[in-house]
Amino acid sequence: MVTGYHPSSLVHLAENSNWPRGGRFCYPPPMDHLWNPWRYAYVTGADQKSGCIFCNAPKEGDQEARIVHRGAHCYVILNTYPYTNGHVMVVPYAHLDELQKLPADAAQEMMVLTQRMETVLRSLYRPDGINLGMNIGKAAGAGVAGHIHMHILPRWVADANFVSVIGETRVLPEALDVTWERMRKEFVIADL
């Protein structure tokens, strides 16, 4: 079954591929829908809280905030709208908008927690690679521009398939609560 293509492109695909020759093509079935009702609060802004989300999160319980680990200067939290399963962030408790403002002891802990999360992600998800990164400032793509944070996420070869590239939709097979529980257990098992 071919979905996501305009009917006129099917002729091109048939002529330039290993598809069976001489067959008749029909229009593809109607568009499929992927329902993600949990994103409604995000899309409508219904669940917005005042203040900085990274300053507010440590005030909540770990499970409610999805905090995986609390350190002395930084904490590890699941991304509520992950790019892939296992997408976490290492966040300093200090509300700072630039990495150069982060004290050395907090910067060191941020890197240690980043290394530990790499170990946890490799153990839990067996990824082909790991993305690490910071978007500092709105122009750089920071969703929360006023509070620096390090993204850590597992990646697999060809994980950006047609659904995400064409449909701008991510398919995540694991619920956030399950991810949180698995990561917490892995921290304990690995004595991290």
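Visitor: What makes the pair aspartate 97 and lysine 101 a salt bridge?
Guide: The closest N and O atoms of aspartate 97 and lysine 101 are 2.7 Å apart, and a salt bridge is defined as a side-chain nitrogen of Lys or Arg within 4 Å of a carboxyl oxygen of Asp or Glu, so the pair qualifies. Please keep in mind that this is a predicted model, in which local features need pLDDT of at least 70 and side-chain atom pairs count only at pLDDT 80 or more, while totals for chains, interfaces and linings use all residues. Residues are numbered from 1 along each chain as its sequence is written, and side-chain values use heavy atoms, with hydrogens and water left out.

Visitor: Why are aspartate 97 and lysine 101 called partly exposed?
Guide: Buried means under 20% relative accessible area and exposed means over 50%, with partly exposed in between (1.4 Å probe, protein chains only). Aspartate 97 is at 32% and lysine 101 at 43%, so each of them counts as partly exposed.

Visitor: How many salt bridges does the structure hold, and which residues are linked in a network?
Guide: The structure holds five salt bridges, and Asp62, Arg70 and Arg184 are linked in a network of them.

Visitor: Why can one say that the salt bridge between arginine 184 and aspartate 62 ties together parts of the chain?
Guide: The side chains of arginine 184 and aspartate 62 meet at 2.8 Å, N to O. Arginine 184 lies in helix α7 and aspartate 62 in helix α4 (residues 62-65), so the pair joins parts that are 122 residues apart in sequence. Helices here are DSSP runs (H or I, at least four residues) and strands are runs of E (at least two), numbered from the N terminus. Arginine 184 has a relative accessible area of 27% and is therefore partly exposed, and aspartate 62, at 21%, is placed in that class as well.

Visitor: What about aspartate 177 and arginine 66, whose side chains also meet in a salt bridge?
Guide: Their N to O distance is 3.5 Å. Because aspartate 177 lies in helix α7 and arginine 66 in the loop between α4 and β1, this pair ties together parts that are 111 residues apart in sequence. Aspartate 177 is partly exposed at 41%, and arginine 66 is partly exposed at 21%.

Visitor: How do you know whether leucine 113 is buried or exposed?
Guide: Leucine 113 lies in helix α5, and its relative accessibility of 2% means that it counts as buried. Leucine 113 touches His69, Cys74, Val76 and Val90, leaving aside residues up to four places away in sequence; contact here means heavy atoms within 4.5 Å.

Visitor: What makes a group of residues a nonpolar core, and which members of the largest one touch the most others?
Guide: A nonpolar core is a set of buried Ala, Val, Leu, Ile, Met, Phe, Trp, Tyr and Cys residues joined through side-chain atoms within 4.5 Å. The largest such set has 24 residues, of which Val90, Met117, Ile152 and Met183 touch the most other members. Two or more residues each come from β2 (74-78), β3 (88-92), α5 (104-125), β5 (150-155) and α7 (176-189), and α5 gives the largest share, eight residues. A second, separate core of nine residues includes Cys52, Phe54, Ala57 and Val91.

Visitor: How do you know that β3 and β5 pair?
Guide: Two strands pair if DSSP finds at least two bridges between them; three bridges join β3 to β5, which run antiparallel, and valine 90 stands opposite methionine 150 in β5. The open sheet of five strands has the order β1-β2-β3-β5-β4, with antiparallel pairing.

Visitor: Why are β1 and β4 called edge strands?
Guide: β1 (67-70) and β4 (129-133) each pair on one side only.
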